[in-house]
Amino acid sequence: MERQIDTMTFSAEDAKKVMETQCPFCSVQCKMEVVEDRSGRRPTYQVTAIPNKASEGRLCVKGMNAHQHAVSRERLLYPMMRLQGELKRVSWEEALSAISIRFTELQSQYGLNAVGLYGGGSLTNESAYLLGKFARVALKTKYIDYNGRFCMSAAASAGVKTFGIDRGLTNRLSDIPHAQCIILAGTNIAECQPTLMPYFTRAKENGATIIVIDPRASATASIADIHLQVKPGMDAALVNGMLKVILDEKLTDESFIQKRTKGFSAVKEHLYQVDLEEVAEMTGVGMDRIRKAAIAFGKAATGMIFTARGVEQHADGHMAVRNFLNMILATGKIGKEGCGYGAVTGQGNGQGGREHGQKADQLPGYRLIENADDRAYIAGVWGIQPEELPGKGVSAYEMMELVHSGDIKGLFIMGSNPIVSNPNATLVEEAFEKVDFLVVADMFLSETARLADIVLPVSAYLENEGTMTNLEGRVLLRQAGRPAPGEARHDWQVLCDIAYSLGKEKFFTFRDSEDIFNELRVASRGGIADYYGITYDRLRKEEGIYWPCPSLDHPGTPRLFGEAFAHKDGLAVFQSVESESPAEQPNDEYPLYLTNGRMLSHYLTGVQTRRSPVLAAREVENILEIHPNTAEKHRLEDGALASVQSIRGTVIVRTKLSSAIREDTLFIPMHWGDAQNVNRVTNALLDPNCRMPDFKSSAVRVQPLAEYLQETAVSTKKVKVE
Ligand SMILES: Nc1nc2c(c(=O)[nH]1)N[C@H]1C(S)=C(S)[C@@H](COP(=O)(O)OP(=O)(O)OC[C@H]3O[C@@H](n4cnc5c(=O)[nH]c(N)nc54)[C@H](O)[C@@H]3O)O[C@H]1N2
Ligand SMILES: Nc1nc2c(c(=O)[nH]1)N[C@H]1C(S)=C(S)[C@@H](COP(=O)(O)OP(=O)(O)OC[C@H]3O[C@@H](n4cnc5c(=O)[nH]c(N)nc54)[C@H](O)[C@@H]3O)O[C@H]1N2
Ligand code: SF4
Ligand SMILES: [Mo]
């Protein structure tokens, strides 16, 4: 029953392969050439940056070594199925038929919504689009969401509410050097999008003031003129303080506010109640520093604000971003050169991945699944009746809760390692241990794949052609350079194959990724993220095209909001924001804040970067960044193993003393699983506006590991005796 698909062949005489590609990791999507030479005893690889408009010919250490994971011996080469408790090799035919039989059984016994899908922002636009279509057309389930919920949901929903559109950067990167003041809030570009740093240093050379807002003096803070070392989760309050100063100093742009926005009077009213001294107390940032930063931003003729996960991954992440947007609007710094906002998108296709239907409430082109016109349009493109489309499902972590409670009985995961990346990871682990049927499509046996009933091997970036949309909203075509190893297939092929065995082949007759893109173009046509005018041919000739691009002769839209915002009335919307503290405050038992984030050489849960020997060797285990005074107080020496506990769980990490962090705050990177997984500790409280978890502020205690083990041994003994 297997479909015949054209596959690329790799002829023996083809000893030297020159592959033009894009880095599989972050949202910059740096272009590079990888030369594979198989003429010697062992293949060798040479990587060279290709000049392009985003990275301007730079690569960071992850990009330089990305090919190592793609050619790793740990790649999955054939499908596997759990038989007598162990994952064993099976044929594609066996795997596909088992999947369709089990999904069909579960759905006929428990209803269509007994099966859920979980996608990712590393997938190409084509695969992300097809996953959304597969959920709604092949499985007819409402349960689909993706890892971008943890990444972009706060900034995306804030952009939609304030501007009427969510595109990571409102301008192209080349605007940055023209900004005279730049705020970098909760964004560590030096480690997370390193090839973008020269844009900021160039702005500084041009005289810009750089303001960094971060509880740590991060690598990015090294270029700051003003560093506001805020308490975790207090960004919204800090901006209230800054806005108050801007208002008091009459640095608002009244004509812009009047002509281009609405809702300012309520914000003004609200700011009258704000007391700068209280803000300083709440945020841990001195009044003079708040004033200095606010005046620098307010007075600058041009300016930009960038936020990332430090601001956004909180239960008030949406509102915190909206307050930064209030500051942009109040000072009229948008829609012109050197002015604008950037939600620094995370994953390689974190932008495109959030536009075309992987989200619980969404249809392609940012259409909404609960909007009757949007449903009718997409049903027409897909050749079904609008009534056949399911309604909206729930967010990523809420899906995990439904798996845990047994409401979702079968789960299909493509491009994520949720067991490590979800907050409150212990619940997810328990959920996956008891779920009836788990299918994972991955390149490696990740922590999540280890628990699957069926594992499907997929192609890597060097092998899989498709489009990716970078953080600027620029659509780029990534070519395939080599065949997938073993029996691995492309994500989109896997989806077509399962649809075929479910008897839904007539909706999934695609022969290549361009075919899918052509359907996506039509599905997005007239939507907010309109790709209709973008074709593979154009992408081959032009160096990427900024959406919206509604027609074949449209040049694309590098800068948004020059004349009007995307709301029907053309106006941007102010929103007054309360200064709230995070739900979990330090107390006697858990006296410290814990936040978390990234380090340069690893990527997300490390499934890929740990398979790259050069990257793996740079950071072999997880660490705890702790201020020397705090370490002393808690009897910890540099290099000692420590346990960090919240009410949810414990993580074990090696102490690294650092005076760059606040004394009341700990920082642990997110790249490790199992006992080193910081998400065993993090808080799954969700933002009511966008369902972003409160990843970056938990109350914890810390102690030497030996002490912790002794205590737990005593308490387990006690339990046993009782
Ligand atoms: N090397 C590397 N690069 C990556 C990734 C990776 O895993 N590794 N992942 C990619 C992805 S998917 C993403 S989403 C991006 C993430 O990019 P970033 O959001 O820049 O990364 P983080 O390290 O999570 O957080 C940024 C900073 O926020 C600070 N922070 C923590 N809590 C708070 C707070 O309450 N307020 C403020 N203002 N700051 C706070 C942290 O100290 C940290 O320095 O990076 C992308 N690039
Ligand atoms: N504590 C804490 N937790 C966090 C965060 C944080 O800052 N702090 N950040 C959150 C953020 S912003 C994000 S984006 C998430 C990400 O977390 P995850 O969604 O777990 O992302 P990855 O670790 O990249 O896992 C991707 C998996 O998909 C595989 N993969 C890569 N490319 C492809 C592909 O093209 N196709 C398929 N089928 N598989 C592929 C990889 O091998 C890997 O196993 O983590 C979130 N979790
Ligand atoms: S990780 Fe990001 S900055 Fe580094 S090479 Fe890849 S795309 Fe470029
Ligand atoms: Mo992310």
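Helices (H or I, at least four residues) and strands (E, at least two) are DSSP runs, numbered from the N terminus. This is a predicted model, where local features need pLDDT of at least 70, side-chain atom pairs count only at pLDDT 80 or more, and totals for chains, interfaces and linings use all residues. Residues are numbered from 1 along each chain as its sequence is written, chains are lettered from A and ligands numbered from 1 in the order in which they are written, and side-chain values use heavy atoms, with hydrogens and water left out.

**Entry: ligand 1**

Which element gives the largest share of the shell around ligand 1? I found α13, with three residues.

I looked up the neighbours next, where near means that a heavy atom of the residue lies within 4 Å. Of the 36 residues around ligand 1, Asp-214, Asp-235, Arg-598, His-602 and Leu-604 come nearest. I then checked polar contacts (pairs of N or O atoms within 3.5 Å). A side-chain N or O atom of Asp-235 is 2.8 Å from a nitrogen atom of ligand 1. For Arg-598, a side-chain N or O atom is 2.6 Å from an oxygen atom of the ligand. Leu-604 uses a polar backbone atom, 2.6 Å from a ligand oxygen atom. On its own, ligand 1 has 910 Å² of accessible area, and the protein covers 100% of that (Shrake-Rupley method, 1.4 Å probe).

Why does ligand 1 lie between two domains? Domain 2 (153-343) and domain 3 (592-721) both give residues to its shell, so it lies between them. The domain bounds come from an automatic or database domain assignment.

**Entry: ligand 2**

I counted 32 residues around ligand 2, and Asn-147, Ser-416, Asp-442, Asn-596 and Thr-605 come nearest. Asn-147 has one 2.7 Å from an oxygen atom of ligand 2. Thr-605 has one 2.5 Å from an oxygen atom of the ligand. Asn-679 has one 2.8 Å from a nitrogen atom of ligand 2. Taken alone, ligand 2 exposes 920 Å², and the protein buries 97% of that.

Domain 1 (80-149 + 354-515) and domain 3 (592-721) both give residues to this shell, so ligand 2 lies between them.

**Entry: helix α8**

Is α8 mostly covered or mostly uncovered? I found it mostly covered: 13 of its 14 residues are buried (under 20% relative accessible area, 1.4 Å probe, protein chains only). Just after α8, Lys-250 takes a positive phi of about 55 degrees.

Technical notes. Polar contact = N/O pair within 3.5 Å; in protein donor to acceptor, adjacent residues only side chain to side chain. Buried < 20%, exposed > 50% of the residue type's maximum accessible area, 1.4 Å probe, protein only.
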